[in-house]
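Hi,

Here is the structure I promised to pass on.

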Amino acid sequence: MTIRHDWSLGEIRDIYNSPLLDLIFKAALVHRENKSYAEVQVSSLISIKTGGCKEDCSYCPQAARYTTDVEVEPLMSLEKVIARAETAKANGASRLCMGAAWREVRDNRDFDRVLEMVSEVNNMGLEVCCTLGMLTYEQAQKLKDAGCFAYNHNIDTSSDNYNNIITTRNFEDRLNTLNNVRKAKLSVCCGGIVGLGETDDDRIKMLHTLSTMEEHPDSVPINALVAVKGTPLENNERVTIDVMLRMIATARIIMPKSVVRLSAGRNEMSLAEQALCFMAGANSIFAGEKLLTTPNPDFDEDMQMFKLLGLTPRKAFKDVHEHQTV
Ligand code: SAM
Ligand code: DTB
Ligand code: SF4
């Protein structure tokens with residue numbers, strides 16, 4: 001399978017706009033070249049620091065400037081994180097993603113505590129992912145040294161649409177952090193959101209940015225906006241399923257080796273809609289009854305879905321040769 005980094009906007013536009021069933025079929029063919037196509041990577045999310053964020057991301061219920069029902073919570077204790085990680089592991093998750101409502105990481109005691117959490121959870125045999133906002137290269141290295149496996153940092157939308165959604169940091173800031181993450185040899189998790197009010201062209205441009213990176217992100221989360229009361233996007237209409245399918249299928253075709261994650265928005269999707277997403281090449285989900293602050297299907301429901309569809313959860317560190325506990 002050839003991996004291309006030179007996709008043109010026109011090529012991606014043609015793929016994205018092809019008749020929906022042709023697109024799904026083509027993506028399914030690409031996906032089936034991967035011998036593990038029926039394995040789904042299961043990540044569980046914990047919000048280790050919730051709300052009170054000073055950024056203005058207009059989709060986010062954790063931004064301090066919007067009045068939402070999210071309660072501000074300081075950094076979670078190590079014990080609580082371990083307990084949550086144990087539950088996630090027992091329920092079949094292979095990756096634990098710890099999210100903090102920070103603009104960026106600061107070199108302080110809170111970061112030291114996060115490093116401790118990373119190392120404890122890694123020692124439990126789970127792949128650790130963090131999403132803590134902007135990072136310097138040194139901070140990325142510290143995470144790596146503590147046993148962090150992946151870092152999630154989304155570009156969220158196209159560079160053209162970025163300033164309509166967020167003004168407190170820019171697209172370049174995001175790309176810089178992603179470079180630091182890659183340089184520190186962390187697995188890169190980077191995708192975006194649909195349903196922000198963007199056009200199809202913004203979606204295509206976002207996929208173009210991801211698929212023309214020097215290395216494709218190892219995982220690409222495709223989130224459907226969860227419209228939360230009190231945020232500027234509270235009245236946005238839910239994206240229709242064809243948009244999710246086009247995003248997933250196009251990502252699968254242009255980034256054939258990446259894990260494509262059917263991320264936020266599953267709670268509002270039927271089993272049949274999710275099945276189409278797996279057919280279109282999605283091979284990862286967030287599982288557990290909560291994403292960061294919003295509801296998600298519970299583990300049992302997802303395991304029943306897997307059984308029905310003939311899918312299995314992927315084991316932690318599969319195909320990784322050098323995993324070490326620290
Ligand atoms: N504060 C850090 C940051 O922004 O990088 C990490 C956590 S942040 C909540 C992680 C990602 O979650 C965002 O980049 C965005 O893509 C996604 N997200 C946040 N709120 C969402 C929502 N309401 N619906 C869908 N995705 C959302
Ligand atoms: C990602 O792409 N989606 C996750 C994770 N990375 C951090 C977050 C989704 C958040 C949905 C809104 C919430 O629950 O607060
Ligand atoms: Fe803060 Fe992240 Fe939410 Fe933006 S997405 S407001 S940076 S927690």
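Below are my notes on helix packing, salt bridges and one serine.

A word on the ground rules: this is a predicted model, where local features need pLDDT of at least 70, side-chain atom pairs count only at pLDDT 80 or more, and totals for chains, interfaces and linings use all residues. Residues are numbered from 1 along each chain as its sequence is written, chains are lettered from A and ligands numbered from 1 in the order in which they are written, and side-chain values use heavy atoms, with hydrogens and water left out.

Helices first. Helices (H or I, at least four residues) and strands (E, at least two) are DSSP runs, numbered from the N terminus. Axes are lines fitted to C-alpha atoms, for helices over the stretch in contact, and angles run from 0 to 180 degrees between N-to-C directions.

H8 (residues 200-211) packs on H9 (residues 241-254) at about 25°, and their axes lie 11 Å apart. That makes H8 and H9 roughly parallel (angles under 35 degrees count as roughly parallel, over 145 as roughly antiparallel, 65 to 115 as roughly perpendicular and the rest as oblique). Their crossing is right-handed; a crossing is left-handed if the near helix is turned anticlockwise from the far one by less than a right angle, and right-handed if clockwise. On the H8 side, the contact (heavy atoms within 4.5 Å) uses Arg203, Met206, Leu207 and Ser211, and on the H9 side Val243, Met247, Thr250, Ala251 and Ile254. Those residues split into six nonpolar, two polar and one charged (Ala, Val, Leu, Ile, Met, Phe, Trp, Tyr, Cys and Pro count as nonpolar, Asp, Glu, Lys and Arg as charged, and the others, Gly among them, as polar).

H9 also packs against H1, with an angle of about 130° and axes 9 Å apart. H1 and H9 are therefore oblique to each other, and this crossing is right-handed. Ile12, Ile15 and Tyr16 of H1 meet Val243, Arg246, Met247, Thr250, Ile253 and Ile254 of H9. The tally for the H1 and H9 contact is seven nonpolar, one polar and one charged.

Now the charged pairs. There are 18 salt bridges in the structure, each one a side-chain nitrogen of Lys or Arg within 4 Å of a carboxyl oxygen of Asp or Glu. Here are a few of them:

- Arg13 and Asp201 pair at 3.0 Å, N to O. Arg13 sits in H1 (residues 9-16) and Asp201 in H8, 188 residues apart. Arg13 is partly exposed at 28% relative accessible area (buried means under 20%, exposed over 50%, partly exposed in between, with a 1.4 Å probe and protein chains only).
- Asp218 and Arg182 pair at 3.2 Å, N to O. Asp218 is in the loop between H8 and strand E7 (219-224) and Arg182 in helix H7 (residues 171-183), so the bridge ties together parts 36 residues apart in sequence.
- Arg4 and Glu11 have their closest N and O atoms 2.9 Å apart.

Lys54, Glu55, Arg103, Glu104, Arg106 and Arg169 are joined into one network by salt bridges that share partners.

Last, which residues does Ser94 touch, leaving aside its neighbours within four places in sequence? They are Gln41, Val42, Leu126, Glu127, Arg314, Lys315 and Ala316. Ser94 lies in the loop between helix H3 (78-90) and strand E2 (95-100), and is buried at 4% relative accessible area.

Cheers
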